[in-house]
Amino acid sequence: DTSLTEVNSFSPSVPISPSSMINQYKFEDGPELRDLFITVDDPESHITAIETFITYRVVTKTTRGEFDSSEYEVRRRYQDFLWLKSKLEEAHPTLIIPPLPEKFIMKGMVERFSDEFIETRRKALHKFLNRIADHPTLTFNEDFKIFLTAQAWELSSHKKQGPGLLSRMGQTVRAVASSVRGAVKNRPEMFTEMSNYMETFSQKINLLDKIAHRIYKEERDYFNEMKEFGPIHTLWSASEEDIADSLKGLASCIDRCCRATEKQMAGLSEHLLPILHEYVLYSEILMGVLKRRDQIQGELDSKVDALANKKTEKDLFSEEIGKLEDKVERANNALKADWDRWKQNMQWDMRSTFMNVAENNLRYYEECLATWESFLASQAVDLHVDEDSEDRP
Amino acid sequence: MEDCLAKKMEITVSEAEKRTGRNAMNIQETYTAYLIETRAVESQSEGHCAPVESLWRRYSEFELLRNYLSVTYPHIVVPPLPEKRADFVWHKLSADNMDPDFVERRRIGLENFLLRVASHPVLCQDKIFYAFLMQEGGWKEMVNETGFQLKADSRLKALNATFRVKNPDKRFTELKHYSDELQSVISHLLRVRARVADRLYGVYKVHGNYGRVFSEWSAIEKEMGDGLQSAGHHMDVYAASIDDILEEEEHYADQLKEYLFYAEALRAVCRKHELMQYDLEMAAQDLTSKKQQCEELATGTVRTFSLKGMTSKLFGQESPEQREAKIKVLEEQIQEGEEQLKSKNLEGRDFVKSAWADIERFKEQKNHDLKEALISYAVMQISMCKKGIQVWTNAKECFSKM
């Protein structure tokens, strides 16, 4: 990033220690086994003559021997993350590569560079890198290592190497052409089951995402009305004498419940919403992975079909067929293993996320309950005082 | 309080019934009739319960009763009727007068009205009120025969007309100001409360969607299935719980509404006093001017410009006989005026004394009732929180089994 004309820091960078990271993230293979710690923070905007973009600081701490140093700090922009993702997909077509946050937000009025958008993206990018770090295969990917460690100019030059865009496109076109017929009829039962599962899962997770957003919106509307409700009682207390204290007490209870609502909403947007969104993206990724597996199988099947009619050249192509058969087997095994792993993680994520939602709501209700109970107690005290002092009619 | 009717008699508005009939213009109409049941409270020594007496009344008859009481006892803060039309409703509640929920809440409001009147030391002794409770036929005629409509001052109907009172009673001015503030703040409160209820309804109901989707999702999961399914059930329970919660909250709204309307009754008393004071001042002013006229005629000096003075200058003076006659008339009027002024003053002082006594009684009742309303609001919130805790505790356990 050589042409910086303006640097704008959005948030102070907070040094994160490995021990605090353990508390924040679930380690898919157990904290003791982790030897790679990555954080994404400190978004900065860069304005050049041509464009405006944001870079994020990526800090890596590691004890691995393959890394020359134990600590790295680099700056990356969204494009770089996209590049990494596509390299990983290329290298491991039937592995489940974690989702990246979307390029644009279609719904809502979130501006491209609003603080909210940047923060949401930062958290998602952080998650993305950590999921890769936790993956038994992806964590050792060379491009991943370069992404984490290379300086800006090194990364640029590395990106320019490797198969160009055109050749990659060519591969895809061929793959698509061959996958149209045949892949479905020879597909092992297991992958058909997976496909059916993903169809329903995708539907449900999308619905849950919508529901969660709807709840958040309704809560915000409720919060806005409640904010007005408390102060009216305070206003009223100004015209009263005897009941002024009770009115003020009620007003302060409502205000406290309001603040509790805010906290609860923050909890939703902190945990539930990002996770559901991540799994919406995951469901797309998984359907893509299943397709790619079908494509690989399709290559094999179409070759086999083509040879069925040419009895004389069978020997010549048997080596090629053998290679394709190996490719299919490797792809299937990789996917199966990764699928099992993904399912386990999904289960863990869903369980902990929804438990968190429940705990969040419990905290909210418990705080409100305490508020109202103490109000009631204060009124009971007043009532006893009044009863003693007034003459009974 | 010992002598009031409420202590001697149980009064309930126990039922509401839709009726059709022909009104005064012979047009068919539908209305609701309410069953008023009364029973004398027997002392402990007597073995059996007194029989229940009952009759049906419609809302317009309640209105007639209240109008009668307002006119007949202008110094009393007369209890208000429940609202004629549903106001301040949040959108799930119907604003239709025939809606069963509205009718039910009105039934309760009407019963409350009767109990309030029956517990009032002065109002409970009124014979028209007693007849309203006990005498089905001929009651309307009885009320009209009292001629109370003639007593009703039409000037009071012009709610915003101001009477220029030169020496307003400071206490009544303050009270009127208070009643305006009370009306304004309670209206505002009720409006916002209705919006809050709307929003809260939305939050709870959307959670019901969780229930449906969890259930559908559980069908494709092996290990997570049971946890999801049972959690979904709790989400349905949560969504359904809001209906009862908000129904209870309506009672809080109704309690506040009563005092919204009571504020009007309070204001009415202030207005009546204002009017009395105005009449008194007008009468005093009239008396003063008559005395002045008399003096002018007697001494022949014209101190102030008057048409009579001008015409007499233009057309010639009156004869001494004419002047004598005029003076005599004026002297009679002045005497009458002084007696009237005296009785008006007395009336005014009595009014202020009895009005203020009732206002003090009302203040105590208001403070007691409103404090109770605030407490009952807190109680409702506590119940809502406890229900929420129960549901989410159950849900959490289901999630943990996922």
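**Notebook: a predicted two-chain model**

I started at Trp392(B) and, leaving aside neighbours within four places in sequence, listed its contacts (heavy atoms within 4.5 Å): Val357(A), Ala358(A), Asn361(A), Leu362(A), Tyr365(A), His207(B), Met235(B) and Tyr238(B).

This is a predicted model, in which local features need pLDDT of at least 70, side-chain atom pairs count only at pLDDT 80 or more, and totals for chains, interfaces and linings use all residues. Residues are numbered from 1 along each chain as its sequence is written, chains are lettered from A and ligands numbered from 1 in the order written, and side-chain values use heavy atoms, with hydrogens and water left out.

Buried is under 20% relative accessible area, exposed is over 50%, and partly exposed is in between, with a 1.4 Å probe and protein chains only. The core has 117 residues, and those touching the most other members are Trp342(A), Met350(A), Trp372(A), Phe214(B), Trp217(B) and Trp392(B). Helix 7 (189-237), helix 8 and helix 9 (314-389) of chain A each supply at least two of its residues, as do helix 7 (170-218), helix 8 (225-299) and helix 10 (320-400) of chain B. Helix 10 of chain B gives the most, with 21 residues. I also found a second, separate core of 34 residues, which includes Ala118(B), Cys124(B), Phe129(B) and Phe132(B).

**Chain A, layout and confidence**

I counted nine helices and four strands in chain A; these are DSSP runs numbered from the N terminus, helices being H or I of at least four residues and strands E of at least two. The order along the sequence is β-α-β-β-β-α-α-α-α-α-α-α-α. Of the 393 residues in chain A, 46% are buried.

I checked pLDDT, the predictor's confidence in each residue from 0 to 100. Chain A averages 83, and 79% of the residues score at least 70. Among its elements, helix 7 has the highest mean pLDDT (95) and strand 1 (residues 7-9) the lowest (38). Over residues 1-16 of chain A, pLDDT stays under 50, and the model has 36 contacts there beyond four places in sequence. Residues 18-25 of chain A also stay under 50, with 10 such contacts.

I noted its buried residues, including Tyr59(B), Phe62(B), Arg66(B) and Leu69(B).

**Single residues**

Asp42(A) is in strand 2 of chain A and has a positive phi of about 55° although it is not a glycine. I found Asp42(A) buried, at 8% relative accessibility.

Asn26(B), also not a glycine, has a positive phi of about 60°. Asn26(B) lies in the loop between strand 1 (9-22) and strand 2 (28-40) of chain B and is exposed at 52%.

Notes:
A nonpolar core is a set of buried Ala, Val, Leu, Ile, Met, Phe, Trp, Tyr and Cys residues joined through side-chain atoms within 4.5 Å.
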